[in-house]
Amino acid sequence: MTNSSITQKSKGPAPTVDQINADRITQLANQYWAPHTKQKHLPFDKNVVKDIYIKEICGSKFAIRRTMMLEFSQYLENYLWPNYSTGLASHEHMMSIVVMLNEKFRERVPAWEAFKKRPDHFPGFFQQMLEACLSVASLREKTALIVFLNHAFNSMEVELIREQVKRLVSLSMWVSLQEGRREQELKKAPKWRKFWVKINKRDTPETRQKLEWERKFLHRLMLNFIDTLEAIPSEGEVSGETIQYCERFLELMIDLEALLPTRRFFNTVMDDCHLVVRCYLAALPRRDNGHLFAQLLDVLKFYSRFEISDETGDPLTDHDMTQIHYNSITSLQKAAFA
């Protein structure tokens with residue numbers, strides 16, 4: 001068989017059985033985690049996880065074909081998650097779990113079942129993932145983390161996930177609002193002011209730092225995104241990774257706005273960041289390769305102004321929307337001429 005025919009076959013839509021058996025991932029799976037070789041498995045080696053992440057995932061630029069091979073070998077449920085330890089797992093281990101879960105969602109197979117078998121370590125994993133969202137420099141990794149976060153917010157029916165994500169979008173996230181804006185919003189909903197006072201009283205000095213970090217997470221995430229977006233020039237080369245990251249981020253924002261449990265308090269924080277306005281002022285929507293971003297931005301604008309009460313979830317009439325608009329104009333006039 002010639003080299004050209006081998007190359008042609010490897011580029012096909014699906015690998016053959018012989019190619020799968022000869023693949024490096026299959027050979028590693030047989031040594032460490034494949035169910036049919038369980039009696040001969042070698043002990044867990046964190047360097048194997050690191051090597052696979054660097055060579056097979058990052059080295060292939062997060063190619064779907066390589067992650068499909070890892071998913072086919074049951075990498076997540078038989079090796080990654082059973083050997084994850086809170087506080088000890090490496091960045092590569094955490095990112096490998098993120099990538100594999102995203103692949104499960106892409107293939108539309110049950111994604112969270114493996115985590116339910118060892119739920120005690122999930123809070124630690126989720127915290128490590130959140131910290132990486134604000135610290136990683138690689139745009140490919142950032143994009144994978146944003147996609148994972150979106151899957152988590154869209155899986156609130158799963159108790160294990162709901163316990164982690166609900167803290168990020170509760171009333172306490174208003175700590176990131178400007179004080180004047182927060183007072184204005186609390187005046188509109190007196191019952192929320194009562195909850196706000198209770199939240200502040202309940203905090204202890206020991207837990208305050210961690211709670212403050214969680215409450216400001218989405219606000220910081222949006223500011224990080226805005227920094228990346230506003231660095232894109234109106235002309236010249238822009239990497240595909242940058243554009244894809246911006247598109248995936250808007251998808252996350254749209255889903256947060258479209259779900260009432262996440263929208264209720266998040267909508268105000270997003271408005272306080274002027275996210276939609278700053279996206280429209282950025283260069284990307286007007287670039288030739290920013291067409292999809294511009295479409296997503298229009299969808300986000302639509303949901304951010306959707307005719308629904310954030311307080312009660314009830315639909316708003318045309319009269320209600322007109323009154324909200326007049327109140328905004330009056331507030332602007334008072335601020336401008338005070």
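Buried means under 20% relative accessible area, exposed means over 50%, and partly exposed is whatever falls in between (1.4 Å probe, protein chains only). Keep that handy for the views below.

This is a predicted model, where local features need pLDDT of at least 70, side-chain atom pairs count only at pLDDT 80 or more, and totals for chains, interfaces and linings use all residues. Residues are numbered from 1 along each chain as its sequence is written, and side-chain values use heavy atoms, with hydrogens and water left out.

View 1. Helices (H or I, at least four residues) and strands (E, at least two) are DSSP runs, numbered from the N terminus. The C-alpha atoms fill a box of roughly 80 × 50 × 30 Å along the principal axes. Of the 338 residues, 44% are buried. Take the contacts (heavy atoms within 4.5 Å) between residues at least 6 apart in sequence: 70% of them join residues at least 24 apart.

**View 2. Charges across the chain: 46 positive and 43 negative side chains.** Lys and Arg count as positive and Asp and Glu as negative, while His and the chain ends are not counted. Each charge is placed at NZ of Lys, CZ of Arg, CG of Asp or CD of Glu, and the centres of the two sets lie 3 Å apart. The whole structure has 26 salt bridges, each one a side-chain nitrogen of Lys or Arg within 4 Å of a carboxyl oxygen of Asp or Glu.

**View 3. K55 and D51 meet in a salt bridge, 3.2 Å from N to O.** Both sit in helix α4 (residues 46-58), and because they are 4 residues apart, about one helical turn separates them. K55 is exposed at 52% relative accessibility, whereas D51 is partly exposed at 22%.

**View 4. In helix α7 (residues 91-107), R106 pairs up with E103.** Their salt bridge spans 2.9 Å from N to O. R106 is partly exposed at 42% relative accessibility, but E103 is buried, with a relative accessible area of 4%.

**View 5. E113 and K116 form a salt bridge at 3.4 Å, N to O.** These two are 3 residues apart in helix α8 (residues 113-117), so about one helical turn lies between them. E113 is partly exposed at 42% relative accessibility, and K116 is partly exposed at 43%. Elsewhere, salt bridges that share partners tie D23, R24, D51, K55, E56 and R66 into one network.
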